[in-house]
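Please find below a short note on the structure, arranged as numbered points.

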Amino acid sequence: MQTEIMTQVHTQSFELDGKTISIKTGRLAKQASGACEVACGDTLVLVTCTESKQAREGIGYFPLLVDYEEKLYSVGRVPGSFTRREGKPTDRAILVSRLIDRPIRPLFPEGYRQDVMVVATTLSADQINPPDTLAMLGACLAVELSGLPFKGPVGAVRVGRVAGKFIANPTYEQMEQSDIDLVVAGTESSIMMVEAGCAIISERDALAAIDYGHQKIKRQIEFQKNLIEAMGVIKRPFDGEPVNQPLVDLIAETATQKLRASMQGVTEKACRQALIDESMASVVEAIAAQAEDHPLRLVTSSQLSEYLELHEAKLMREQVLDTGIRADGRRCDEIRPITVEVGVLPRAHGSGIFTRGTTQVLSVATLGTQGDAQRLDSIEPQKEKRYLHHYNFPSYSVGEVRPNRGPGRREIGHGALAERALLPALPSLAEFPYTVRVVSEVLESNGSTSMASTCGSSLALMDAGVPLKQTIGGIAMGLILEGDRFAILSDIQGLEDFLGDMDFKVAGTRDGITALQMDIKIEGISLEIMRVALEQARRGRMHIIDKMESVLASPRAELSPWAPRIITIHIDPEDIGTVIGPGGKVIRRIIEETGATIDIEDDGTVLVASVDSVAGESARDWILRLVKRIEVGGVYSGHVTRIIPMGAFVEVIPGKEGMVHISQLENHRVEKVEDVVSVGQRVVVKVREIDERGRVNLTIKGVSPEERAECEKTMPPS
């Protein structure tokens, strides 16, 4: 029995580019349908697969749930939340959950409706070997071990490239030097999923990286087959429900005409939906005309919708493959009409609207200081982000009524893809010391909103004056595959995404690719199909960038008047305490009196930010005075701190006093110090000498009128 198999401990390992990956089963989580531990170095991930006892009725989808859980004990850290326990998944955890889900879902049989849950838990993280691809491999193996009707095995690997050489499952340190971060999953013969961020590489290099990863996947699959055979796992067959042929025939007879009409050059989503609704109504009417005891009278609305959708997909696919003309009348490589606007929001730092057909996205860029960077509380080595991309998909964008409950997994995934696409074109922190946030609001959706967000965000950043290295454009490609016949579709709309076989998103510049994401609904595609898709995507990307650059060819020369200006200065790290002051007293005063924002790095870099350039310069000058070294002959402005019969003490710089002898107060004889100065009074003094004991002797009478005037010009507010 499967339960007995899972209670036997099996341990095996294999090599992957010099790294040992070990698999252990039968030790942990034995009541799950399938479970395994996957380790590399001191990184260890437990992955479980559990199946519900009964299938869900009345649903038209496969209820697969994947959770990737980051446990901070895996890196020996207490969570930073108020409750001191892990809360909702981080964005990174959600992205890894999606990575695990995407290659698994298409390999379950059509009509399978059991609830299946895959949970990957990082138990130990050495912060050398990333756990995500280990979790993907473990998930595929856990499903195999569960005996579910799954068309695996599936392998997964990350590919990096350092000094021109590909590396499988690189370490974090290697990834910092790599110009490719590509995750690929697949079966022995086909590629199932691709996710990549690149430093502007060619299509040829991207294909070579995918092929390299696929060769490593074949090694993983061979290992899995041997392990599964050794454990004696037997997969449960699944035949599915028999086809309701009378319903298929009735739909073909009554709905075909209206469905074909919805694919005859109809560009408006609402018009096409109206024709589909009419076809549904005609089928419902035909069923109602049957006798009371006719079997078709037992058909449920969900079954009817599912069968009508299958017939619509059949007609759409036949039309594309037979004629090369798509439902909205476009050729396979034709892109919908594009319009571009920039600077549409007067108070935003940068904004752009990108409209392609009936997909429209408003992207808005905001510039902040380094203190606005996002702090990350996760098991990853990265501790902060200075570029953030947030994607919102409100219900009105598809004409629906739905409450806003915050971003879901889809929104987080689309935002992350657009973020990866833009990162290679952003200036370095030294070149542009800002935190940058872009928000993409989907205003209309009919396919490819993530790539519209990428285009809109590139426009918004250039409108804000961010010195992007190149314009970034993006396009979503589709696929219709029937046997040996296939058609690659450029700029897919919602219908083609929903009823097609692939959603392949490609973003980049004129010179190369910056991001890739491929999901498929079939049992994998060949490298040759990917090559054709990448070349067609390159041509489409050039067309889109042409349209964008016809409106805004390069970043604006000046920042928005509403964006903060950042002044960078460098001080001796020993002077940081002087600028901050006891309990933060000094820096708080500078901020309160100038209105500037001040960030100080450990290396002595000080970033002064203010929308008002005068206020920023005032704060800068104040800081420079604070760290100025006391020198003989130097002229300073300070406050009288105390008075003694021999003279007055003046705080020349914070924490450092000097004394003005009574004989140095005026050019004439002074009887009492209080006759000339009082405690708290601001005075301009000059350093006469610094004795061998470090005592500073000052003079007031020795300050020339010119020196006094120059010093008073740079005095901070009283």
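1. Which residues in helix 9 meet which residues in helix 10? The model under review is predicted. From helix 9, the residues in contact are R410, H414, L417, A418, A421 and L422; in helix 10 they meet T449, S450, M451, T454, S457, S458 and L461. By class, the residues of this contact comprise six nonpolar, six polar and one charged.

2. The geometry of this packing can be stated briefly. Helix 9 spans residues 409-422 and helix 10 spans residues 449-463. Their axes come within 9 Å and cross at roughly 45°. The crossing of helix 9 past helix 10 is right-handed.

3. Turning to the aromatic residues, the structure contains nine aromatic pairs. One of them joins Y391 and F393, whose rings are stacked, with 6.5 Å centre to centre and 15° between the planes. Y391 and F393 are both buried.

4. A further pair is formed by F432 and Y434. Here the ring centres lie 4.5 Å apart and the planes stand at 35°, so this pair is tilted. F432 and Y434 are likewise both buried.

Definitions and conventions: Residues are numbered from 1 along each chain as its sequence is written. This is a predicted model: local features need pLDDT of at least 70, side-chain atom pairs count only at pLDDT 80 or more; totals for chains, interfaces and linings use all residues. Side-chain values use heavy atoms; hydrogens and water are left out. Axes are lines fitted to C-alpha atoms, for helices over the stretch in contact, and angles run from 0 to 180 degrees between N-to-C directions. Helices (H or I, at least four residues) and strands (E, at least two) are DSSP runs, numbered from the N terminus. A crossing is left-handed if the near helix is turned anticlockwise from the far one by less than a right angle, and right-handed if clockwise. Contact means heavy atoms within 4.5 Å. Ala, Val, Leu, Ile, Met, Phe, Trp, Tyr, Cys and Pro count as nonpolar, Asp, Glu, Lys and Arg as charged, and the others, Gly among them, as polar. Rings of Phe, Tyr and Trp (its six-membered ring) pair if their centres lie within 6.5 Å; planes under 30 degrees apart count as stacked, over 60 as edge-to-face and the rest as tilted. Buried means under 20% relative accessible area, exposed over 50%, partly exposed in between (1.4 Å probe, protein chains only).
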